[in-house]
Amino acid sequence: MDIKTPDWVKNAVFYQIFPDRFARTHFPKLGLLQPHDLQEWHSEPTLFGYKGGDLWGAIEKLDYLQDLGINAIYFTPIFQSAANHRYHTHDYYQVDPMLGGNEAFDAFLEKAHARDIRVILDGVFNHASRGFFFFHDILENGKASAWLDWFRIEDWPLSPYDDSQPANYASWFGIRALPQFNHDNPQVREYLMRVGEYWIEKGIDGWRLDVPFEIKTPGFWQEFRSRIKNINPEAYIVGEVWHDARQWLDGLQFDGVMNYLFTEATIALVAGDRVKMNYVDKAAYKPYPALTAERYGEKITEILALYPWEIQLTQYNLLDSHDTARLLTIASGDKATVELATLLMFTFPGTPSIYYGDEVGLEGGIDPDCRRAFPEEKDWDREVLDYHKELIYLRHQYPALRTGNYQILYADEMVYVFARVLERHEMIVAVNVGESSSRVSFSIDGLHSTPHHILYGKGHVSWHSGRIELSLPARSGCIIG
């Protein structure tokens, strides 16, 4: 089978934005409804409070993102909702008025595209909310509702708010606020397909699909892909699947998934025993126990063997997200862990993603703490910002770092070295995750050129009779080209 994925994704650097916490405009704007009881911007985030980030504010940050080197944005949900995270969708056709409504999103999309920045949205198609019109009609009219078969009603009466009574309808993860669609109903299926098509026709560049594995209806995602790609063959379809995703990455459904398999292995290597277990012990991914370089190489080999290469190049690689604690916090505040992990992510096959604020040293524990407000400029960690800019520049500059083959050259104890090879262009990446400096020597069989300039990081490299000798300081890495 000839698998085709979007070429632009292979050259993208994504930036994930949680809209309520990224930027808040200070100017009156069309369509923007700002309540007066917003939480103070830098106060501790809560599960239910709003800080009032909006899309007009995000527009004002586009110059910053462009300067950083970002050329793709993933927004967590932006549609009308009664939750600060907006995974409780009220209306799939209306951008939340607190974000500025459809006018603000239209303006954002236009200005982002003018900078050659792509935009994908979060599609929450497994469940809606209690305020979603079709479910609300059931709450109002009971058995007389015309929309009963849009959801999975199990018994009567329904209890959407009183936890002391059975809910009597199916909801995601048993959360009453999130009634699940009946995807076996052709009307429901058609409604969701049209939502997907509508926003692609409006100009978005793809969908990130929330918990797609929960939709069991045969053929649903195959039809979704077909209809989206018929409008825009280069639209990116990426699923939130945390584990082995071969079921969905067959070339007929998704172009990639959020690559938590890479995340957990990479954190286990670079953070090691610094991982704070209280931030990961109940997580859906397992970035522990610590891995040696040899075991990491085995894990990476397994990951790269799971899917066709065309799909590996459009995997969505990440170090943390709105669903996890931030890496800096997981790693007990160890900055070297974050830099090493970022180096490995930006040189790995697939598209790298920065979770807003990571590039300036933002910390955060588990939800809601991982959703802190973007810090003021005076609080940025400039060293972290500088190496993000440097790594993004190098990825844009060297095609081998984007689409080159991946070849492990050395993996022993605390040192891991690999090459990215594109035709006769070769780059070598090395990390030493140990607490002491290391000097290693290894064969370069299979490489045509002899990369010898250190383009990033510190160390010393020399060549002797077809072998590399490489010296690396403790807790450091480098790119050699």
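Visitor: Which residues have the most contacts inside the largest nonpolar core?
Guide: Tyr 15, Phe 105, Leu 121, Phe 125 and Trp 207, in a core of 142 residues. A nonpolar core here is a set of buried Ala, Val, Leu, Ile, Met, Phe, Trp, Tyr and Cys residues joined through side-chain atoms within 4.5 Å. Buried means under 20% relative accessible area, exposed over 50%, and partly exposed in between, with a 1.4 Å probe and protein chains only.

Visitor: And which helix gives the largest share of this core?
Guide: Helix H9, residues 260-270, with 8 residues. Helices are DSSP runs of H or I with at least four residues, strands are E runs of at least two, and both are numbered from the N terminus.

Visitor: Before we go on, what sort of model is this?
Guide: A predicted one: local features need pLDDT of at least 70, side-chain atom pairs count only at pLDDT 80 or more, and totals for chains, interfaces and linings use all residues. Residues are numbered from 1 along each chain as its sequence is written, and side-chain values use heavy atoms, with hydrogens and water left out.

Visitor: OK, what is Phe 105 in contact with?
Guide: Leaving aside neighbours within four places in sequence, Phe 105 is in contact with Leu 55, Ile 78, Val 95, Val 119, Leu 121, Trp 199 and Ile 204. Contact means heavy atoms within 4.5 Å.

Visitor: Switching to H7, which of its residues are buried?
Guide: Among them are Arg 189, Glu 197 and Trp 199.

Visitor: What caps the N-terminal end of H7?
Guide: Asn 185 does, with a side-chain oxygen 2.8 Å from the backbone nitrogen of Gln 187. Just after H7, Gly 203 takes a positive phi of about 120 degrees.

Visitor: New topic: is Asn 84 buried or exposed?
Guide: Asn 84 counts as buried because its relative accessibility is 4%. Asn 84 lies in the loop between strand S3 (79-81) and S4.

Visitor: Which backbone oxygen does its side chain reach at 3.5 Å?
Guide: That of Thr 46. A polar atom of the Asn 84 side chain also lies 3.0 Å from the backbone oxygen of Leu 47.

Visitor: Last one, which ring does the charged end of Lys 61 sit over?
Guide: The ring of Tyr 64, 5.6 Å from its centre. Arg 326 lies over the face of Tyr 356, at 4.8 Å from the ring centre. A charge sits over a ring if NZ of Lys or CZ of Arg is within 6 Å of the ring centre and within 35 degrees of the ring normal.

Methods. A polar contact is a pair of N or O atoms within 3.5 Å; within protein, one must be able to donate a hydrogen and the other to accept it, and residues adjacent in sequence count only if both atoms are side-chain atoms.
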